[in-house]
Amino acid sequence: MNKVRDDAAEAVADIPDGASLAVGGFGLSGVPEVLIRALHEQGATGLEVVSNNCGVDGRGLGILLAAGRIARVTGSYVGENKEFARQYLAGELEVELVPQGTLAERLRAGGAGIPAFYTPAGVGTQVADGGLPWRYAPDGTVAVASPRKETRDFAGRTHILEHAVTTDYALVRAWRGDRHGNLVFRRAAANFNPLAAMAGRVTVAEVEELVEPGELHPDEVHLPGIYVQRVVRLSPQEAADKQIEKRTVRA
């Protein structure tokens, strides 16, 4: 029942080349920075990542991206990373763009054992009709395009079939957690971290505050420990290292 690992390096040591990863975070909020850095040092490559976004230059998943460790990304927003755009347009990276709510539900469905679902999001666009460039060729032509999706009408409205997402591993960050893997997320960090954790077959959680079993009230637990296999306790310095994606101040 004690799922705590000595450090992040031990927690990600067995992630192999070509593994699929669901990674939590929203912008730079709730990103498992320590686990990502440990994975970068570990050296795994050819990774297939499912995450809302791919970090920014020099932070979050942007670290793995810049090192050429990511082969494919499934996400909903990629606008803050110049290296991401360069690799995608140069044909070095395969990218599947998904409507944000659909991505969230695909992760949740995977964790809940639901293989697929219908949604109206994307009907009448290339999301449904196919043709979105997943990978470019070096000469700028489309090498791989998204396929057309199955449709069905419910109550007179067209919906498209979306498949659930499950991954080999998941990396998430929690505000508080116990040794059994029960997790509590704080504010915007709760957007994608619980869903990513559900989708991973082996979920690794870095926690800012580690408490003993029984200290978390059942009503405040956002993710039960059944979904978590490994827990890493952050140092005070690691827990405090939080970046703001865009800082806005008054004149």
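Helices and strands here are DSSP runs, numbered from the N terminus. By that count the chain has eight helices and 13 strands. The radius of gyration is 18 Å, close to the 18 Å that the globule rule gives for 251 residues, so the chain is as compact as a globular protein of that length. The model is predicted.

**Overall build**
- The C-alpha trace spans about 50 × 50 × 45 Å along its principal axes.
- Of the 251 residues, 49% count as buried.
- Take the contacts between residues at least 6 apart in sequence: 73% of them join residues at least 24 apart.

**Surface and charge**
- The chain exposes about 11,900 Å², and carbon and sulfur atoms supply 51% of that area.
- It carries 27 positive and 32 negative side chains.
- The centres of these two sets lie 4 Å apart.

**Nonpolar cores**
- In soluble globular proteins, nonpolar side chains tend to be buried together.
- The largest nonpolar core here has 33 residues.
- Ile 15, Leu 35, Leu 39, Leu 47 and Ile 70 have the most contacts inside it.
- Elements that each supply at least two residues of this core include α1 (8–11), β1 (20–23), α3 (62–66) and β10 (167–178).
- Helix α2 gives the most to this core, with five residues.
- Another core, of 24 residues, lies apart from the largest one; among its members are Val 50, Ala 174, Phe 185 and Ala 196.

**Around Ile 70**
- Leaving out residues up to four places away in sequence, Ile 70 touches Leu 47, Val 49, Cys 54, Leu 61, Leu 64, Leu 65 and Leu 93.

Conventions. Residues are numbered from 1 along each chain as its sequence is written. This is a predicted model: local features need pLDDT of at least 70, side-chain atom pairs count only at pLDDT 80 or more; totals for chains, interfaces and linings use all residues. Side-chain values use heavy atoms; hydrogens and water are left out. Helices (H or I, at least four residues) and strands (E, at least two) are DSSP runs, numbered from the N terminus. The radius of gyration is taken over C-alpha atoms; the globule rule is 2.2 Å times the number of residues to the power 0.38. Buried means under 20% relative accessible area, exposed over 50%, partly exposed in between (1.4 Å probe, protein chains only). Contact means heavy atoms within 4.5 Å. Accessible areas come from the Shrake-Rupley method with a 1.4 Å probe; for residues, only the protein chains shown count as cover. Lys and Arg count as positive and Asp and Glu as negative; His and the chain ends are not counted. The place of a charge is taken as NZ of Lys, CZ of Arg, CG of Asp or CD of Glu. A nonpolar core is a set of buried Ala, Val, Leu, Ile, Met, Phe, Trp, Tyr and Cys residues joined through side-chain atoms within 4.5 Å.
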